[in-house]
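Q: Could you take me through this structure slowly, giving the general idea of each feature before the case at hand?

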Amino acid sequence: MSATGFTGIVVIVLFLGLMIFFSIINQEPKQKNIRPIPAYDKINQEINVSVEDGTQLHISLGRGGITGPESAAALAGLSILKQVIEKSSVCDYPPVVSTGNAVISILAQDTIQGTSKAISVADKGKNPSGELVGVTPFSYAAGTLTTIRDKNVSANIHTGWFGSEITWLTTAGERQSTPTIAGTAQLPAQAVIYASASDPLIGEELYAGGAYLGAGKIHLASISAQDIFRWIIIFIILGSVLLKFLGIDTFFEYILAGSM
Amino acid sequence: MNIKLRAPVSAAIAIGVGVVVLAGYFIPSITNIRFALLRTGLVLAAVALLVGIINLLSVHFKKMGSDNENSGYSLILVIALLLTLVVGIIDMVQSYMLGQPNFQMTNWIFTYIQLPIETSLLAVIAVSLTYAAASILRKRMDLFSITFFFVILLVLLGSFSIPSATLPFLHVIRDWIVRVPALGGARGLLIGIALGTITTGIRILMGTDRPYGD
């Protein structure tokens with residue numbers, strides 16, 4: 001086994017252990033223990049608004065599939081979709097969902113149907129669509145614009161894998177004077193949403209949706225595990241800087257080269 | 001009974017495949033199994049594309065029939081889709097009859113219709129981005145937004161290549177921004193994304209997060 005493979009297994013096992021540990025010790029986890037993220041507060045707020053006003057939320061899940069590096073962002077978007085549908089079960093009009101990937105479209109429809117069954121939505125005609133809007137970046141963005149411009153849509157949630165074309169979606173939301181919550185894993189698109197979305201999700205915030213939308217204690221435990229790892233990485237970076245400064249970094253390189 | 005069994009079975013398959021694919025990254029002896037599962041996934045994704053297109057057609061047929069202000073767009077989409085499909089089928093038949101690949105008409109559609117449209121849309125993005133950057137201070141007047149705005153301004157000014165309007169020190173500032181704070185920030189974001197990706201993956205492998213129905 002290579003050194004990279006061994007490190008990967010260690011990281012995953014440690015993560016798994018920490019998540020199980022935190023989910024056991026926090027039997028009654030409190031959401032207030034985690035730092036506030038305004039975008040998720042806004043989602044909760046907009047769900048309430050849609051219930052009171054009889055409007056719809058629009059959730060776009062991006063173009064990410066499940067076989068590439070974009071899969072985690074797409075699955076995080078699906079997880080947020082599930083929570084939003086559960087929370088908005090008493091809405092007159094359930095959320096409308098658009099995707100730019102066929103597999104995610106099917107998973108979205110499955111999530112919608114599964115969640116709708118769980119919340120006993122009798123009228124299937126009212127269930128959100130989860131339609132495939134377009135398969136290229138621009139066809140997806142252009143197709144989603146018509147949903148954003150729908151007068152009954154009160155807020156837009158863009159979570160998943162987007163490129164710079166997300167600026168169309170966020171700008172269209174702004175023109176409609178509807179709040180736009182947006183998060184993606186692509187770095188250039190993150191800069192775009194920071195500039196153009198009313199409530200951006202930056203970096204790992206996209207993956208924390210479950211913890212902030214009440215998906216369960218394992219989601220909160222994963223946030224705690226991430227924090228532990230973040231501190232470990234900070235210490236490793238600072239330690240590496242110190243070792244480099246003291247000139248002992250090559251000593252460890254020799255050790256690693258010899259043992260692995 | 002059937003409904004009750006469906007969720008655990010689908011979850012078990014998803015978790016099992018996920019675990020084997022993950023293990024395949026670290027254990028060389030099961031790499032072949034990982035590739036076989038990934039190939040199966042790709043075939044399923046192709047079938048899903050067909051299902052997605054049928055779904056897209058049905059949604060837009062419904063929109064055309066209803067009293068929808070965007071029904072014209074739906075009509076254009078359906079005509080374009082069917083036309084491209086017919087052209088593709090004709091090309092396939094011709095290729096079969098000639099005994100060699102011949103996708104001239106399909107290539108023509110991509111080269112002279114789709115490519116120019118997408119290139120034009122790419123140009124529109126530049127306008128949208130400029131608008132977004134200019135309006136950021138109107139949306140959020142805080143320290144981070146002000147910093148963001150002035151960094152954009154500095155980088156843009158430093159990127160000018162008009163000889164009479166070029167200021168040498170702006171090039172130096174731009175290079176420093178790109179090499180030091182921007183690179184550091186990007187690495188920080190990537191570390192955060194990597195941590196989020198790992199936890200999302202583990203939650204799905206544990207079956208505690210099931211974004212594929214229940």
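Q: Which residue is the bridge partner of L57(A) in β4(A)?

A: A bridge pairs a residue of one strand with a residue of another, and in this predicted model the partner of L57(A) in β4(A) is A155(A).

Q: Which residue of β2(A) is the bridge partner of I59(A)?

A: For I59(A), the bridge partner in β2(A) is V97(A). Here three bridges join β1(A) to strand β2 (residues 96–99) of chain A, and this pair too is parallel.

Q: Which helix makes a β-α-β unit with β1(A) and β2(A), and what is its hand?

A: In such a unit one follows the path from a strand over a helix to another strand, and the sense of that path gives the hand. In chain A the helix is α3 (residues 71–87), which together with β1(A) and β2(A) makes a right-handed unit.

Q: How many residues of chain A are in contact with chain B?

A: The size of an interface is often given as the accessible area lost when the parts come together. Counted by residue contacts instead, 59 residues of chain A touch 47 residues of chain B. Several elements of chain A give two or more residues to this side, among them α1 (3–25), α3, β3 (131–132) and α9 (217–246). The most comes from α4(A), which gives 10 residues. By class, the side of chain A that touches chain B holds 30 nonpolar, 23 polar and six charged residues.

Q: What does the secondary structure of chain B come to, and what is its radius of gyration?

A: Chain B has seven helices and zero strands, so that reading along its sequence gives the pattern α-α-α-α-α-α-α. The C-alpha trace of chain B spans about 65 × 45 × 45 Å along its principal axes.

Q: What share of the residues of chain B count as buried?

A: Of the 214 residues of chain B, 12% count as buried. As for its contacts between residues at least 6 apart in sequence, 19% join residues at least 24 apart.

Note on methods. Residues numbered from 1 in each chain as written. Chains lettered and ligands numbered in written order. Predicted model: local features only at pLDDT ≥ 70, side-chain atom pairs only at ≥ 80, totals over all residues. Pairing = 2+ DSSP bridges. Helix = DSSP H or I, 4+ residues; strand = E, 2+ residues; numbered from the N terminus. Contact = placed C-beta atoms within 7 Å. Nonpolar A, V, L, I, M, F, W, Y, C, P; charged D, E, K, R; others polar. Buried ≥ 20, exposed ≤ 12 C-beta atoms within 10 Å, placed from the backbone.
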